[in-house]
Amino acid sequence: RRVLFRSDTLVERTARKDTRPLLRDGDPREIITRLRAERAPAYAEAPIHVTSGRGPQGRTVAAVLKEIDAWL
């Protein structure tokens, strides 16, 4: 399985608070896109992959817990 992060979702989520130092000095969408590309090889090595999108955070948490349970 592959991880799918929508840039729109990540930009929206990170824009809620000004606590992301890496996103302060430039266009957040460009920075997020660049960071995703740079980190993709490391992310691909993870044994658990969860697709996150719009919707309640609880839904994503439940999906993460389900994948952890299946992995164990």
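The following dialogue examines the terms used to describe this predicted model.

Tutor: This is a predicted model, in which local features need pLDDT of at least 70, side-chain atom pairs count only at pLDDT 80 or more, and totals for chains, interfaces and linings use all residues. Residues are numbered from 1 along each chain as its sequence is written, and side-chain values use heavy atoms, with hydrogens and water left out.

Student: What makes up the pattern of the protein, read along the sequence?

Tutor: The pattern is α-α-α, with three helices and zero strands. Helices (H or I, at least four residues) and strands (E, at least two) are DSSP runs, numbered from the N terminus. The C-alpha atoms fill a box of roughly 40 × 30 × 15 Å along the principal axes.

Student: Why is glutamate 12 called partly exposed?

Tutor: Buried means under 20% relative accessible area, exposed over 50%, and partly exposed in between, with a 1.4 Å probe and protein chains only. Glutamate 12 has a relative accessible area of 34%, and is therefore partly exposed. This residue lies in helix α1, and its C-alpha is 9.7 Å from that of proline 28, which is 16 residues away in sequence.

Student: Why does arginine 13 count as partly exposed?

Tutor: Its relative accessibility is 28%, so arginine 13 counts as partly exposed. Arginine 13 also belongs to helix α1.

Student: Which residues is arginine 13 in contact with, leaving aside its neighbours within four places in sequence?

Tutor: They are Ser52, Gly53 and Thr60, where contact means heavy atoms within 4.5 Å. Arginine 36 is 23 residues from arginine 13 in sequence, and the two lie 15 Å apart, C-alpha to C-alpha.

Student: Which residues of α1 are buried, and what do they pack against?

Tutor: Ser7, Thr9, Leu10, Val11 and Thr14 are buried in α1. The buried residues of this helix pack against α2. In the protein as a whole, buried residues make up 18% of the 72 residues.

Student: What makes a set of residues a nonpolar core, and which residues form the largest one?

Tutor: A nonpolar core is a set of buried Ala, Val, Leu, Ile, Met, Phe, Trp, Tyr and Cys residues joined through side-chain atoms within 4.5 Å. The largest has six residues: Leu10, Val11, Leu23, Ile31, Ile32 and Leu35. Helices α1 and α2 each supply at least two residues of this core, and the largest share, three residues, comes from α2. Not counting residues up to four places away in sequence, isoleucine 32 touches Leu10, Val11, Thr14 and Leu23. In soluble globular proteins, nonpolar side chains tend to be buried together.

Student: What makes a space a pocket and not a cavity?

Tutor: On a 1 Å grid over the protein atoms alone, a cavity is a set of points where a 1.4 Å probe fits but cannot get out, whereas a pocket is an open set with protein on both sides within 12 Å along at least five of seven lines; lining residues have an atom within 4 Å of a point. Grid points are joined across faces, edges and corners, and a volume is the space filled by probe spheres set on the points. The largest pocket holds about 520 Å³. Its lining has 18 residues, and Leu10, Thr14, Arg20, Ile32 and Arg39 are the closest to its centre. The elements giving two or more residues to this lining are α1 (7-15) and α2 (28-44).
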